[in-house]
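My notes follow, entry by entry.

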Amino acid sequence: MKKRTNATNPGAQRLNLKQLKAWESLGYGMFIHFGMSTFDGDELSMGDKPSTAYAPDRLDVDQWVQVARDAGMKYAVLTAKHVAGHCLWPTKHNDYNVATSGNKTDAVEAFVKACEKRGVAPGLYYCSWDNHNRFGSQTPTYSDFKRAFTTVEYRDFQMKQVEELLSQYGPIAEMWIDIPVVLGPDGRRKQYEQIHRLQPDCLVMMNAAFQDGSKMDAVYDSVWPTDLMSLERWLPRSGGGYNPWHRISHGLRRTKFTGGTEDVPESNQDYYIPAEVCEPDARHWFYMPGDQPRSDAELLGIRLICRERKANLLLNVPPNRHGVIPKMHVDALMRLRQNIDRSRV
């Protein structure tokens with residue numbers, strides 16, 4: 001379909017084009033993978049380690065956000081709960097969280113406050129693949145993606161935790177829901193609606209994983225509804241292949257009638273769904289000893305391609321087991337900023 005950019009086609013998406021363009025204008029953000037996987041050395045943690053295994057001894061969340069700001073990043077997304085199921089905030093809905101850990105700091109609270117202090121928009125990540133809090137669910141760890149599913153009990157647990165995250169810490173710019181396929185269509189719809197009910201201006205990212213952003217229909221059944229499209233470890237398709245306009249055949253149209261409004265199915269509507277590339281600055285998402293940042297040339301190439309093809313870049317930078325971003329990562333980011341500034345000359 002042809003790209004439409006004028007006001008005559010506002011799109012059928014829930015957020016208006018002005019809001020989505022404002023998010024696109026951020027351009028560059030920091031993904032922060034930190035949690036139990038930092039300490040057990042397994043990015044797809046089994047969630048079987050005791051809560052006390054999470055024990056950063058020099059936790060400095062403000063340093064993370066200061067590095068993001070100094071690197072020229074405009075927003076940041078923190079993994080509040082990853083595959084391990086261990087929570088970086090003192091949730092009331094289980095005891096596998098910082099309150100029972102080796103460091104009781106509410107890292108989510110510290111993160112949001114640091115973002116406010118540094119002028120960085122805060123985002124939070126929540127994983128639906130949970131190896132610790134299963135409630136009878138079948139995760140990809142114990143099955144595979146095609147057979148994985150979540151139970152009603154698990155989905156209720158997730159909704160309660162997401163409500164905590166979006167009602168206790170102030171405005172959140174972006175809510176990342178990872179592995180949304182296991183929620184099923186009804187679970188995703190309820191999750192999406194809850195996020196926008198709690199924070200109407202928050203953009204929802206249902207992770208579409210490995211794809212180039214050219215076709216929404218290729219990932220529709222695993223991510224819809226969503227405000228954004230993720231390109232995990234992938235770059236936007238070249239040659240004009242990436243297009244934020246997508247024709248969705250299973251959308252809803254808000255229709256007015258006597259006495260109120262109703263959402264009715266509407267086929268073949270146009271939705272503006274911007275893309276976000278998420279890439280680690282090294283090879284792993286979480287800190288792993290000896291995992292060096294990519295070369296300056298490779299990082300510069302990723303940043304320039306995203307900018308040229310008009311996709312946001314969420315570049316992952318992992319804090320270590322002390323709870324600080326190591327110097328080698330900080331230095332790589334600062335060189336990248338210098339190289340980006342030179343590229344504008």
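Where does histidine 33 lie? I found histidine 33 in the loop between β1 and α2 (36–40). Helices (H or I, at least four residues) and strands (E, at least two) are DSSP runs, numbered from the N terminus.

Before going on, I noted the ground rules. This is a predicted model, where local features need pLDDT of at least 70, side-chain atom pairs count only at pLDDT 80 or more, and totals for chains, interfaces and linings use all residues. Residues are numbered from 1 along each chain as its sequence is written, and side-chain values use heavy atoms, with hydrogens and water left out.

**Entry: histidine 33**

I checked the accessibility. Histidine 33 counts as buried because its relative accessibility is 3%. Buried means under 20% relative accessible area, exposed over 50%, partly exposed in between (1.4 Å probe, protein chains only). I then looked for a polar contact, which is a pair of N or O atoms within 3.5 Å; within protein, one must be able to donate a hydrogen and the other to accept it, and residues adjacent in sequence count only if both atoms are side-chain atoms. The histidine 33 side chain makes one with the side chain of asparagine 316, at 2.7 Å. Leaving out residues up to four places away in sequence, I listed what histidine 33 touches; among them are Thr38, His82, Trp285 and Pro318. Contact means heavy atoms within 4.5 Å.

**Entry: the sheet**

I traced an open sheet of 8 strands in the order β5-β4-β3-β2-β1-β12-β11-β6, with parallel pairing. β5 (203–206) and β6 (229–232) stand at the edges with a single partner strand each, so one side of each has no neighbour in the sheet. The twist averages 25 degrees from one strand to the next. Helix α1 (residues 17–26) packs on the sheet, and its direction makes about 50 degrees with that of β12 (312–316). Axes are lines fitted to C-alpha atoms, for helices over the stretch in contact, and angles run from 0 to 180 degrees between N-to-C directions.

Two strands pair if DSSP finds at least two bridges between them. I counted 5 bridges between β3 and β4 (residues 174–178), in the parallel sense. Tyrosine 126 stands opposite isoleucine 177 in β4. On β4, Glu174, Trp176 and Asp178 on one side and Met175 and Ile177 on the other are all buried. β6 joins β11 through 4 bridges, also parallel. Leucine 231 has valine 277 of β11 as its bridge partner. Both faces of β6 are covered too, with Met229 and Leu231 on one side and Ser230 and Glu232 on the other.

**Entry: helix α4**

I compared span with length. The 12 residues of α4 (residues 107–118) should span 16 Å at 1.5 Å a residue, and the end C-alpha atoms are 16 Å apart, which agrees. The expected span is 1.5 Å times one less than the number of residues. Buried residues of α4 include Val108, Phe111 and Cys115. They fall within an arc of 160 degrees, so the buried residues line one face of the helix. That arc is of the directions from the helix axis to the C-beta atoms. The face turned away carries exposed Lys113, Glu116 and Lys117.

I looked at both ends. Aspartate 106 caps the N-terminal end, with a side-chain oxygen 3.2 Å from the backbone nitrogen of valine 108. Glycine 119 follows α4, with a positive phi near 75 degrees.
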